[in-house]
Each structure stands twice: as C-alpha cells, then as structure tokens.
Amino acid sequence: MRTGAAEVLDVVVTDPIISTFADRLVAGAPSHRWKFLADASPAARADDVARADVVVCSRMSPEEARTVASARLVHVTGAGVDRVAVGDLPASTAVANTFHHARPIAEHVVMTTLALVRRLLPTDRELRAGTWRTILTDRAAPLHPTLDTMTLGLVGLGTIGAETARLAAGFGMDVVAVRHRPEAPLPDGVSPRWVGGDADLHRLLAESDVVVVTVPLSPATEGLIGAAELDAMRESAFLVNVARGPVVAQDALHRALSRGTIAGAALDVWWGAPEPGRTPPADFPFAELDNVILTPHYSGLALSTFERRVVDIAANIEAVASGAPLRNRVRSAAAS
C-alpha cells in the first residue's frame, strides 16, 4: 500500500538479538507494519513470513526460505549469510546484510593476544591458589614479550582483518597478511609488511607470533587450518579464531594444543551450537586445556554493533519502500 511516494510494508523480524532493539527499528522506519516473531516457531510464523514484504533474520532454514512468497528483501542482521538458505529464496527476493562488528572483534583479538602472551588466566589461577610466581621468586618463570616485538599474521583481510591490522599497527606490531586476491587495493589505513595469496599461507604461519583467522566460512575455507598448517606455526605462536569454527580442523587444533605444537589459542567460534553436554560446542575437551581462552562467540557483541546495524536495516526497509538502491546488497532481485 502506498502513502505518498513510499509504500507501507509488512516487516517480519525473527532475529532475537535485533528484536531487543525493536523501538529503534520502528523509529527508523515508522510508517510500516512491524511484527516481532523471534519467540515463535517457524511453523507458527509461516503465514506472516509468507505475506511479508521484508524479513529480518539472522538465520533461515531451507524449509522456511521456501515459505517466503512475496518478500522483496531478506535482511540478514549480521555479515555472514551462511546460516540463511539464500538459494531457496524466490529469485525475486533481494538479500542484504550489515556489518559494524569489526572494531569490537579487533579489540577482542588484541585483548586475547595480550592475555595469552602474558599468561593472564594461568597466572590468575596460580595467585588465587596462593602461589606468587614471578622471575623474582622462580628463575624459570617466563618473561612476556611486548606487542611491538611480535608479528601478527592475518588470514583474511576483509573488514575484520583490516581493523585488526590497524589496531595491531597502533601497538607497533609487525603485520603480514594473506588473502584470496593479494593484488586488490589495501583498505584505508592498512599497510602490512607484505600481503600474499593463498599459496603464501605457510609462509605467514611460519613467520607469525600470532595467527588471526578472519576468513568467511565457505567450501574453500572449511578446514583451511589443519594439521599441516598448525605444524607450520612456531611452537611459541598463538592462534586466534574469530571467523567460524570449521575454518580450523578441531581435531588437529586440540592435538596441537595438547602436545605443545603451538603455545595456545583463543577460540570465540565453535563447531556447532551449544547444547547440554556439549558446551562449549566441540568434539574435543578444549575446556580441559590451560593454554586456551574460550569465549561464547561474543567478540562482536558490542552495543555499538547493534545500534549501527539497526540504522542500516531501517534505511534498507525505507529504500525498498521508496524504490531506492539497497546498501550492502548480497543478492539482487531478479527482474520480473
């Protein structure tokens, strides 16, 4: 239905996190009919999804995607679309995403890197147990390096990798990177010592004190960091994974951490969803290792991330209503 030059749209929101910002979403696109159905099952919301002009979601199964009938836009509430069955949507449905998580994730990388190299968690546990251990009391106690003496290797140089590179350079770290298209222009403010392609991964692993995995999950990147790659790393090096769990082979990683092939890891992403008896969600007991920092995929969950995503989503809904171009379009709608 049109009011003036713009249409009034039926908007269905199924993502539980972005639904907590419902007031801001509605304020950003106030003329539309909103339904927030995060607490409804896919079966219970099927009719609303079928009639919606816009569906806002973080995930959508193939079965639910096939119920979409008239939506002109499916708006993913984050950057990754691997949990949305895009191929099962009608050809007439455009898909867009949104970002704004790079800065908090980059800060998480720096935080966990410092915690790993300074043995923050083991030292905390020692002191709580009554042990005061420094080189003054134990000549075998390790001395920690400073970031300006270390090389950070980025596997991927998208928005997260670029922001991590900027922060790391601000601490004086030597930054190197590999990406699928090494010849592409560098992001603003990013100047690694070298940028290589897929064939240079092992060179990066051998040179780096900290390896940060930021590539999206795809058939080409699943298992990208396996046994051979972990063997290529230094024994003193750390792995930080803020991409997707399956980019790293969990059996090979657990073996490398248990045997001391690498010094430690920070894992913010996992191999499935948490469930009773499988939290954190992995097939190997990473929680039993004292050289790993475990976090529940929360590195990007800053308040600013969602406040800015709300702005993008509302703006794209208004764009659909007025016929304006979409921002962050992942897939265009086929011409009718």
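This is a predicted model: local features need pLDDT of at least 70, side-chain atom pairs count only at pLDDT 80 or more; totals for chains, interfaces and linings use all residues.
**Salt bridges, strands and a surface patch**

User: Hi! Which residue does arginine 193 meet in a salt bridge?
Analyst: The partner is aspartate 174, and the side chains of the two come to 2.8 Å, N to O. A salt bridge here is a side-chain nitrogen of Lys or Arg within 4 Å of a carboxyl oxygen of Asp or Glu.

User: Thanks. How does arginine 193 count by relative accessibility?
Analyst: Arginine 193 counts as partly exposed at 48%, and aspartate 174 is also partly exposed, at 23%. The cut-offs for relative accessible area are under 20% for buried and over 50% for exposed, with partly exposed in between (1.4 Å probe, protein chains only).

User: How many salt bridges does a search of the whole structure find?
Analyst: The search finds 23. One of them joins the side chains of aspartate 138 and arginine 133, at 2.9 Å, N to O. Aspartate 138 is partly exposed at 27%, and arginine 133 is partly exposed at 29%.

User: What does arginine 203 form a salt bridge with?
Analyst: With glutamate 207, the closest N and O atoms being 3.1 Å apart. Both residues sit in helix α8 (residues 201-207), 4 residues apart, which is about one turn of the helix. Arginine 203 is partly exposed at 42%, and glutamate 207 is partly exposed at 22%.

User: Which residues are linked in a network of salt bridges?
Analyst: Arg103, Glu107, Glu163 and Arg166 are linked that way. Arginine 166 belongs to helix α7 (residues 159-170) and is partly exposed, at 30%.

User: Leaving aside neighbours within four places in sequence, what is arginine 166 in contact with?
Analyst: Beyond those neighbours, it touches Pro187, Asp188, Gly189 and Val190, with contact meaning heavy atoms within 4.5 Å. Arginine 166 and alanine 106 are 60 residues apart in sequence, yet their C-alpha atoms are 8.8 Å apart in space.

User: Switching to strands: in which sense do β3 and β4 pair, parallel or antiparallel?
Analyst: Parallel: β3 (residues 10-13) and β4 (residues 33-36) pair over 4 bridges, with aspartate 10 opposite arginine 33 in β4. β3 also pairs in the parallel sense with β5 (residues 54-57), over 3 bridges, and there valine 12 stands opposite valine 55. Two strands pair if DSSP finds at least two bridges between them.

User: Last one: which residues make the nonpolar surface patch?
Analyst: Ile17, Met111, Tyr298 and Leu301 make a patch of about 380 Å². Leucine 301 is in the loop between β14 (292-294) and α11 (303-322), and is partly exposed at 48%. Patch residues have over 30% relative accessible area and no salt bridge, like charges being joined within 9 Å and nonpolar side chains (Val, Leu, Ile, Met, Phe, Trp, Tyr) within 5 Å. The areas come from the Shrake-Rupley method with a 1.4 Å probe; for residues, only the protein chains shown count as cover.

How values were computed. Residues are numbered from 1 along each chain as its sequence is written. Side-chain values use heavy atoms; hydrogens and water are left out. Helices (H or I, at least four residues) and strands (E, at least two) are DSSP runs, numbered from the N terminus.
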